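Here is a set of questions and answers for a reader who wants to work through one model step by step. Please keep the sequence and the coordinates open while reading.

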Amino acid sequence: MVYFLYIALAALVVFLSVKLAKYVDWLDKSTNISGAFIGGVMLAAVTSLPELFTSISATLFLHQNELVLGNILGSNLFNFAVLGLSLVIFIKSVYSAGLKKIHLLSLGVMLSMYGVVALDVFLDVWPKIGWFSLSSPIILALYIGYLFLTPKTEEAEENSNDEVTLSLKQIIVRFIICAVLLVGASIAITYVSDWMARELGLGMTFAGALLLGVATSLPETASTLSLCKRKNYNAAFGNILGSNVFNCTILVIADLLSFTSGSTDVYTFNISSELLIILGSIIAVLFMAMLGLFAVKREGRIFKRIGAGAVGVCAVAAYIIFTALSLAL
């Protein structure tokens, strides 16, 4: 019964998130907001709604804060794996995509956030203000800086062939309805994941990374593969990297809500969190190196294809390694 519920809720989360992404895309076409802001901030935030509400539910209602870090960092590592798989599948054309420098900013901000989380997780003397960790305001400041530096003016972007068939008012109303339903499904899948973790005897951080991390990352998976199929690689990169940056800010909200009785630290040290931080940071550096390689004009297309393919394989392998080591340990 619990397995059926998990699958059904995961499918519902995917369906609602894809619908929300479509409405955001239509808002992009119906307004003057820039494509970079839509893809890297708005669409990323929309597809990260499951991570947001599952983390809030895990902290506020279940008092299982160990689920939060695994959910967020596990989702990020899974997102990297999806982007890596996309690179491998579409390797013939990704080298000529003309990826924008904004992606380097996203990766740099994410690496900085990982560094702050690592200090909190690995250092026992990391300062706190009551129950609130110093890491949280630093992460929030990094995200605000990211929003400030993301271009907001209108610019030429690759667009899908879908035509807008609804008025702006209809788009907004349907967006709100789907968002409310997504909140309910996200909270429900948190309880089901906690139930499954206890049934299977899994650790809370690993359960968050495996059960919640995968389920809540399915929207990014569907949208990213679809964007790559239409050769809109900038939107695909923006969606994944923007989602990863937004996900890290969810730790701030979870930390703020961790004052309730029975809660534990959000920034929890264990083997799963250690693996997620290390592997996630390595893959982020590899993606930065790949983007740097693409920016060097003198390198040939074969060399760039090999580089993109190697990074893609490493991103997929990192998630497989994390899962295997977590199960073994």
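**Burial, packing and confidence**

Q: Is Ser273 buried or exposed, and what is its relative accessible area?
A: This is a predicted model, and in it Ser273 is found in helix α11, which spans residues 271–295. Because a residue counts as buried under 20% relative accessible area, Ser273 falls in the buried class, with a value of 0%.

Q: What separates the C-alpha atoms of Ser273 and Val121?
A: Along the chain, Ser273 and Val121 lie 152 residues apart.

Q: Is Ile102 buried or exposed?
A: Ile102 lies in helix α6, residues 102–122. Its relative accessibility is 18%, and since the cut-off for burial is under 20%, Ile102 counts as buried.

Q: How are α4 and α10 oriented to each other?
A: The axes of helix α4 (residues 66–89) and helix α10 (residues 233–256) come within 9 Å and cross at roughly 175°. Angles over 145 degrees count as roughly antiparallel, and α4 and α10 are therefore roughly antiparallel to each other.

Q: How many nonpolar, polar and charged residues does the contact of α4 with α10 have?
A: On the α4 side the contact includes Val68, Leu69, Ile72 and Phe80, as well as Asn76 and Asn79, while α10 brings residues including Phe237, Ile240, Leu241, Asn244 and Asn247. By class, the count for this contact is 14 nonpolar, six polar and no charged residues.

Q: What share of the contacts with a separation of 6 or more comes from residues 24 or more positions apart?
A: The chain has twelve helices and two strands, and of its 329 residues 54% count as buried. Among the contacts in the chain with a separation of 6 or more, the share from residues 24 or more positions apart is 84%.

Q: Which element of the chain has the lowest mean pLDDT?
A: The mean pLDDT of the chain is 79, with 84% of its residues reaching 70 or more. Among the elements, the highest mean, 92, belongs to helix α7 (residues 135–149), whereas the lowest, 68, belongs to helix α9.

Definitions and conventions:
Residues numbered from 1 in each chain as written. Predicted model: local features only at pLDDT ≥ 70, side-chain atom pairs only at ≥ 80, totals over all residues. Heavy atoms only, no water. Helix = DSSP H or I, 4+ residues; strand = E, 2+ residues; numbered from the N terminus. Buried < 20%, exposed > 50% of the residue type's maximum accessible area, 1.4 Å probe, protein only. Contact = heavy atoms within 4.5 Å. Axes fitted to C-alpha atoms, helices over the stretch in contact; angles between N-to-C directions. Parallel < 35°, antiparallel > 145°, perpendicular 65-115°, else oblique. Nonpolar A, V, L, I, M, F, W, Y, C, P; charged D, E, K, R; others polar. pLDDT = per-residue confidence, 0-100.
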